[in-house]
Amino acid sequence: MVDFTFWDIARNLLLAVRWTIALSLIAFIGGGVVGLVLLVARITKSHAARRFVAAYVQLFQGTPLLMQLFLAYFGIALLGVNTSPWVSAAVALTLYTSAFLAEIWRGCVDAVPKGQWEAAQSLALNFGEQLRYVILPQAARIAIAPTVGFLVQVIKGTALASVIGFVELTKAGAMITNATFRPFLVYGCVALLYFALCFPISLYARRLERTL
Amino acid sequence: MTNPIIEIQGLRKSFGTNEVLKGIDLQVRSGEVIAIIGKSGSGKSTLLRCINGLETFQHGSLAVDGKHLVHDNPAAMRELRQHVGMIFQSFNLFPHLTVGRNVMLAPTLVKKASADETAALARKLLERVGLAEKFDAMPDQLSGGQQQRVAIARALAMQPAVLLCDEITSALDPELVGEVLRVVESLAHDGMTLLMVTHEMNFARKVSDRVIFMHQGRVHEMGDPEQLFGAPQTAELKQFLSSLD
């Protein structure tokens with residue numbers, strides 16, 4: 001039987017952290033872009049657009065991320081597209097993140113006083129200009145802290161992508177455990193690595209909350 | 001009489017089942033200064049907000065400078081709002097922009113004027129309201145009276161034909177009211193068409209050409225200030241005026 005040193009375990013886990021970070025970034029950036037589109041749709045006067053976004057948000061907030069990952073993985077395959085764990089995980093996490101960010105940001109837009117809209121309107125700014133130059137800059141300031149805080153949820157959420165065979169930190173931990181038979185040590189290291197990623201971000205979010 | 005700059009006919013407005021404007025007919029000539037008085041809930045602020053489309057109305061017509069207000073036409077609304085400036089009770093300056101940028105924003109975006117042009121315009125207007133040195137200040141560094149004067153400069157930057165003032169001194173400490181009213185008075189002297197909802201009766205009497213007393217969603221009494229304040233015709237206006245003393 002091969003003996004694994006602690007360094008073997010740590011090195012492989014550290015390599016796997018890359019994919020957790022990569023998946024988090026994809027989810028966060030993709031989710032941010034889609035979330036922004038949803039946000040704008042949500043605050044237009046179109047009833048259809050608003051209802052669609054409300055339903056979208058309810059759907060993704062009301063089902064487990066695990067199910068969304070399964071559905072993305074097997075659903076995309078059903079469409080006849082040859083899918084990989086990478087694509088399914090990226091799609092599922094992007095949609096999930098966008099729903100939450102759209103909802104967080106809508107709260108921030110609602111927090112901007114109504115008088116700001118009215119002042120911008122009475123200066124003849126059109127809807128896009130009202131948003132871009134008056135409302136969103138103020139909403140963004142309110143949104144920074146909760147958005148950074150949500151990033152922590154996304155990072156931890158990527159662990160679920162392991163169930164569809166995406167090799168990130170958690171999946172790597174499981175594979176190493178199967179080879180080394182030292183689950184407590186391996187999962188302990190996995191947990192510590194998640195903590196090392198998330199804790200500084202939480203700390204930063206809390207500091208932003210105080211200063212902004 | 002030349003064509004009226006504002007022409008309102010049979011305007012009716014409801015919030016749900018509550019009708020707050022019950023048929024308003026009003027014509028305003030260019031350069032006229034009009035004070036609108038009345039109890040709270042009489043519809044005077046709503047009427048003002050209808051004129052620049054912040055409120056929609058169900059019946060009647062409203063035109064500014066010959067342009068009809070069409071709510072569901074963004075281009076028409078943008079055109080109309082360039083002719084109508086508004087100043088609010090709560091100032092509503094943009095807190096994330098400097099005083100200068102507050103004034104420059106709309107001309108830059110809507111009139112596509114160059115940065116140099118709008119900056120020069122903003123400096124001129126801030127000087128006019130006595131705040132030339134505040135160009136680079138942030139709104140929250142100013143007193144309420146100063147903020148309201150910036151708001152006036154911001155509205156003037158669009159060179160509106162009409163200026164709507166919605167209780168613009170009601171949120172101010174008493175000692176700051178005067179500085180804002182002096183600016184409004186100077187605008188009146190310069191021939192700006194003004195419609196103001198106000199609780200400052202002395203100011204209304206001194207500055208306005210015509211006073212409108214609104215009661216329960218209607219223009220209840222209307223006339224020149226001396227007549228309206230000196231010899232009120234209706235019981236409601238008499239009661240309203242005596243309640244102020």
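1. Chain B is divided into two domains: domain 1 covers residues 1-83 + 164-172 + 184-245, and domain 2 covers 89-159. Such bounds come from an automatic or database domain assignment. The C-alpha centres of domain 1 and domain 2 of chain B lie 25 Å apart. Seven residues from domain 1 of chain B and seven residues from domain 2 of chain B take part in the contact; two residues are in contact if their C-beta atoms, placed from the backbone, lie within 7 Å. On the side of domain 1 of chain B that touches domain 2 of chain B there are three nonpolar, two polar and two charged residues. In this classification Ala, Val, Leu, Ile, Met, Phe, Trp, Tyr, Cys and Pro count as nonpolar, Asp, Glu, Lys and Arg as charged, and the others, Gly among them, as polar.

2. This is a predicted model, in which local features need pLDDT of at least 70 and side-chain atom pairs count only at pLDDT 80 or more, while totals for chains, interfaces and linings use all residues. Residues are numbered from 1 along each chain as its sequence is written, and chains are lettered from A and ligands numbered from 1 in the order in which they are written.

3. Chain B contains an open sheet of four strands in the order S2-S1-S4-S5, with antiparallel pairing. Helices (H or I, at least four residues) and strands (E, at least two) are DSSP runs, numbered from the N terminus, and two strands pair if DSSP finds at least two bridges between them. Strand S2 (18-28) and strand S5 (67-68) of chain B are the edge strands, each pairing on one side only. Strand S1 (residues 6-15) and strand S4 (residues 59-64) of chain B are joined in the antiparallel sense over five bridges. Gln9(B) stands opposite Ser61(B) in S4(B).

4. Helix H3 (residues 99-110) and helix H5 (residues 144-156) of chain B have axes that come within 8 Å and cross at roughly 25°. Axes are lines fitted to C-alpha atoms, for helices over the stretch in contact, and angles run from 0 to 180 degrees between N-to-C directions. H3(B) and H5(B) are therefore roughly parallel to each other; angles under 35 degrees count as roughly parallel, over 145 as roughly antiparallel, 65 to 115 as roughly perpendicular and the rest as oblique. The crossing of H3(B) past H5(B) is right-handed. A crossing is left-handed if the near helix is turned anticlockwise from the far one by less than a right angle, and right-handed if clockwise. Val99(B), Asn102(B) and Val103(B) of H3(B) make the contact with Val150(B), Ala153(B) and Arg154(B) of H5(B).

5. The secondary structure of chain A consists of eight helices and zero strands. Its C-alpha trace spans about 80 × 45 × 25 Å along the principal axes of chain A. Helix H1 (residues 6-43) and helix H7 (residues 169-180) of chain A pack at an angle of about 155°, with their axes 8 Å apart. H1(A) and H7(A) are therefore roughly antiparallel to each other. The residues of this contact between H1(A) and H7(A) divide into seven nonpolar, four polar and no charged.

6. The contact of the two chains takes 15 residues from chain A and 18 residues from chain B. On the side of chain A that touches chain B, helix H5 (114-122) and helix H6 (127-157) of chain A are the elements that give two or more residues. H5(A) gives the most to this side, with six residues.
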